[in-house]
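The sequence and the structure follow.

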Amino acid sequence: MRIKALSAVVLLSAALATTLGAAKPQGYLAEGAFDLMQVLPPAPSAGDARYKADRTIFKKTRKLIGTPRWQFATSDVKTDQRSLMADFSCAVGVSLTPEDAPRTEALVARARVDTGRQTNIAKNFYKRRRPFLIDHGKICQPEAELADSYDYPSGHTTLGWTWALVLSDLLPDRATAILARGRAYGDSRFICGAHNESAVEAGKLSAGSTMQAVRQTPAYQTDAAAARTELQRLAADPSTPRPTGCDMETKLVAQRVL
C-alpha cells in the first residue's frame with residue numbers, strides 16, 4: 001500500500017509539473033501596473049563618476065580569472081529554472097528541482113515574467129554597451145551569447161534577485177542565506193565581465209521594486225501560500241535529498257571582491 005501511495009504522489013507531482021509548465025507563464029501584473037523607468041536611475045554615461053567606477057571595476061576584476069570565484073561566476077551563467085533551483089539549493093537547505101517543487105518553480109516562472117519585462121524595457125531604452133566592448137578583457141561566457149542585448153540593468157541579476165526575494169518570502173527563517181546567495185549571483189555578472197557593476201545594482205533594484213508590486217496581487221499571494229507549504233513539507237521530510245558542496249559555496253558567497 002505504501003508503495004502504491006508513493007507512486008501516486010510521484011505521478012501527481014509529474015502531472016502537476018507538466019500542467020504548470022505546458023503553457024508559457026503569464027506575469028502577475030497587468031500591463032502598465034508598474035513603471036520601473038520612474039524608479040531606476042539613468043544608466044551611467046561617459047565621463048561621470050559611475051561610468052569611471054564601472055571601468056575600474058571591470059579591469060580590476062579580471063585578476064579573478066581562473067580562481068574559484070571565477071569558476072563560481074561561470075557556473076552562474078545558466079538561467080533556466082532547473083539551474084536556478086540548483087543554485088539556491090544550499091541556501092534553502094534542500095535540493096530543489098522542478099519535479100519536487102513544481103509550485104515553487106511555477107511561482108517564480110510567473111514572477112520572473114514581470115521583473116524581466118521591466119528590465120528589458122530599461123535595457124532597450126538605455127542601450128548601454130557591455131564592459132568588454134569598452135575595455136579589452138576576458139569574460140566567462142562566449143561573447144556571441146551576449147551580442148543581441150544590452151548591459152543596463154543586468155537581466156541575470158534581475159532573475160537571481162527575483163529568485164532570492166521569492167524564496168525568502170517562502171522561507172523567512174532561511175532569508176539571510178538566500179539573500180546572500182542572490183547577492184552573489186549578481187556579483188557573478190561583473191566578475192564574469194558580462195555586466196558593469198552599476199548594471200548589477202540596477203538589476204537588483206529592478207527586481208526588488210517590481211516584486212513590491214507583484215507581492216500585492218491576490219494571485220501571487222495565493223500561489224506563494226501553496227509554494228510555502230510545498231517547501232516546508234520538503235524541508236521536514238528526511239527523505240528529501242540535501243545538496244552537497246555547500247561549505248565551499250558558503251565561502252565563495254561570503255568572498256568580497258570589491
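In which helix do Lys-204 and Glu-201 both lie, and how many residues apart are they? Both belong to helix H9 (residues 197–214), 3 residues apart, or about one turn of the helix. Helices here are DSSP runs of H or I with at least four residues, numbered from the N terminus.

The model is predicted, so local features need pLDDT of at least 70 and side-chain atom pairs count only at pLDDT 80 or more, while totals for chains, interfaces and linings use all residues. Residues are numbered from 1 along each chain as its sequence is written, and side-chain values use heavy atoms, with hydrogens and water left out.

**Salt bridges**

Side chains of opposite charge can pair when their charged atoms come close. With a salt bridge taken as a side-chain nitrogen of Lys or Arg within 4 Å of a carboxyl oxygen of Asp or Glu, the whole structure contains 13 salt bridges. Among them are these:

| Pair | N to O distance |
|---|---|
| Asp-76 and Arg-181 | 2.7 Å |
| Arg-82 and Glu-99 | 2.6 Å |
| Lys-204 and Glu-201 | 3.3 Å |

Asp-76 and Arg-181 form a salt bridge. Asp-76 sits in the loop between helix H3 (68–75) and helix H4 (81–87), and Arg-181 in helix H8 (residues 175–192), so this pair ties together parts 105 residues apart in sequence. Burial is judged by relative accessible area: buried means under 20%, exposed over 50%, and partly exposed in between (1.4 Å probe, protein chains only). Asp-76 is buried at 0%, and Arg-181 is buried at 1%. Both residues also belong to a network of salt bridges that links Asp-76, Asp-87, Arg-181 and Glu-249.

Arg-82 forms a salt bridge with Glu-99. This pair links distant parts of the chain, 17 residues apart: Arg-82 is in helix H4, and Glu-99 is in the loop between helix H5 (89–92) and helix H6 (102–126). Arg-82 is partly exposed at 42%, as is Glu-99 at 39%.

**Cavity**

A cavity is a set of points, on a 1 Å grid over the protein atoms alone, where a 1.4 Å probe fits but cannot get out; lining residues have an atom within 4 Å of a point. The count comes to 1 cavity of 30 Å³ or more. Grid points are joined across faces, edges and corners, and a volume is the space filled by probe spheres set on the points. The largest cavity has a volume of about 40 Å³. Its lining includes Tyr-51, Arg-128 and Asn-196.

Note on methods:
Helices (H or I, at least four residues) and strands (E, at least two) are DSSP runs, numbered from the N terminus. On a 1 Å grid over the protein atoms alone, a cavity is a set of points where a 1.4 Å probe fits but cannot get out, and a pocket is an open set with protein on both sides within 12 Å along at least five of seven lines; lining residues have an atom within 4 Å of a point.
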